[in-house]
Amino acid sequence: MTASVRVAGERLELAGQVTADNVVCLRQQGEDWLSQQSGQSVVTIDLSSVSTASSLLLSLLLCWHRAAAARSQILSYEGASPDLLELSRLNGVSSWLTGSL
């Protein structure tokens, strides 16, 4: 399954499997969307349709996190799988993914 980014109202939905072949395109699509959300301080990324947790996915989310922070936006992630939450915990970045401090 290929990955896709889809705008759904005021949210961005990420679906499928992030791979080395599609991560750069997905990153650009997400950063383009973030740049269009300038009036919002909190923006939501829906991860419920992501099929596989991986370091590439985590890297993509970190890129989006940095891009949002540069615009004084806060990302809110919804629908992260238990595997992605565990991977983020193991890599020491779970606080921004879960919103906990």
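**Notes on a predicted model: core, cavity and selected residues**

1. Ser88 belongs to helix H3, which spans residues 82–90. The model is a predicted one. With a relative accessibility of 0%, Ser88 counts as buried, because the cut-off for that label is under 20%. Leaving out residues up to four places away in sequence, Ser88 touches Leu58, Val93, Ser94 and Leu97.

2. The largest nonpolar core has 25 residues, and the members that touch the most others are Leu14, Leu47, Leu61 and Trp64. At least two residues of this core come from each of strand E2 (11–16), H1, strand E3 (42–50), helix H2 (55–70), strand E4 (74–78) and helix H4 (94–98). The largest share is that of H2, with seven residues. As background, nonpolar side chains tend to be buried together in soluble globular proteins.

3. What does Leu14 touch, not counting residues up to four places away in sequence? Its contacts are Ser4, Val5, Leu26, Asp46, Leu47, Ser49, Val50, Leu57, Leu60 and Trp64. Two of these, Leu47 and Trp64, are named with Leu14 among the core residues that touch the most other members.

4. How many cavities of 30 Å³ or more are there? The count is one. The largest cavity holds about 30 Å³ of space. Its lining consists of Leu47, Val50, Ala53, Leu57, Gly79, Ser81 and Leu84. By residue class, the lining divides into five nonpolar and two polar residues, with no charged ones. Leu47, Val50 and Leu57 from this lining are also contacts of Leu14.

5. Glu31 sits in helix H1 (residues 23–35). Is Glu31 buried or exposed? Glu31 is buried, because its relative accessible area is 16% and the cut-off is under 20%. Its side chain makes a polar contact with the side chain of Arg27, at 2.9 Å. Setting aside residues up to four places away in sequence, Glu31 touches Cys63, Trp64, Ala67 and Arg71. Trp64 is one of the core residues listed in point 2.

6. Arg71 lies in the loop between H2 and E4. A relative accessibility of 37% makes Arg71 partly exposed. Apart from neighbours within four places in sequence, Arg71 is in contact with Glu31, Leu34 and Ser35. A polar atom of the Arg71 side chain lies 3.0 Å from the backbone oxygen of Ala67, and Ala67 is also among the residues that Glu31 touches. Arg71 and Ser41 are 30 residues apart in sequence, with their C-alpha atoms 8.7 Å apart in space.

7. The loop between H2 and E4 also holds Ser72. Ser72 is not a glycine, yet its phi is positive, at about 60°. Is Ser72 buried or exposed? Ser72 is exposed, because its relative accessible area is 63% and the cut-off is over 50%.

8. His65 is part of helix H2. With a relative accessible area of 28%, His65 is partly exposed. Which residues does His65 touch, not counting those up to four places away in sequence? They are Leu75, Tyr77 and Trp96. The C-alpha atoms of His65 and Leu47 are separated by 14 Å, and the two residues are 18 places apart along the chain.

Note on methods:
Residues numbered from 1 in each chain as written. Predicted model: local features only at pLDDT ≥ 70, side-chain atom pairs only at ≥ 80, totals over all residues. Heavy atoms only, no water. Helix = DSSP H or I, 4+ residues; strand = E, 2+ residues; numbered from the N terminus. Buried < 20%, exposed > 50% of the residue type's maximum accessible area, 1.4 Å probe, protein only. Contact = heavy atoms within 4.5 Å. 1 Å grid on protein atoms, 1.4 Å probe; cavity = no way out; pocket = protein on both sides within 12 Å on 5 of 7 lines; lining within 4 Å. Points joined across faces, edges and corners; volume = space filled by probe spheres on them. Nonpolar A, V, L, I, M, F, W, Y, C, P; charged D, E, K, R; others polar. Polar contact = N/O pair within 3.5 Å; in protein donor to acceptor, adjacent residues only side chain to side chain. Core = buried A, V, L, I, M, F, W, Y, C linked by side-chain atoms within 4.5 Å.
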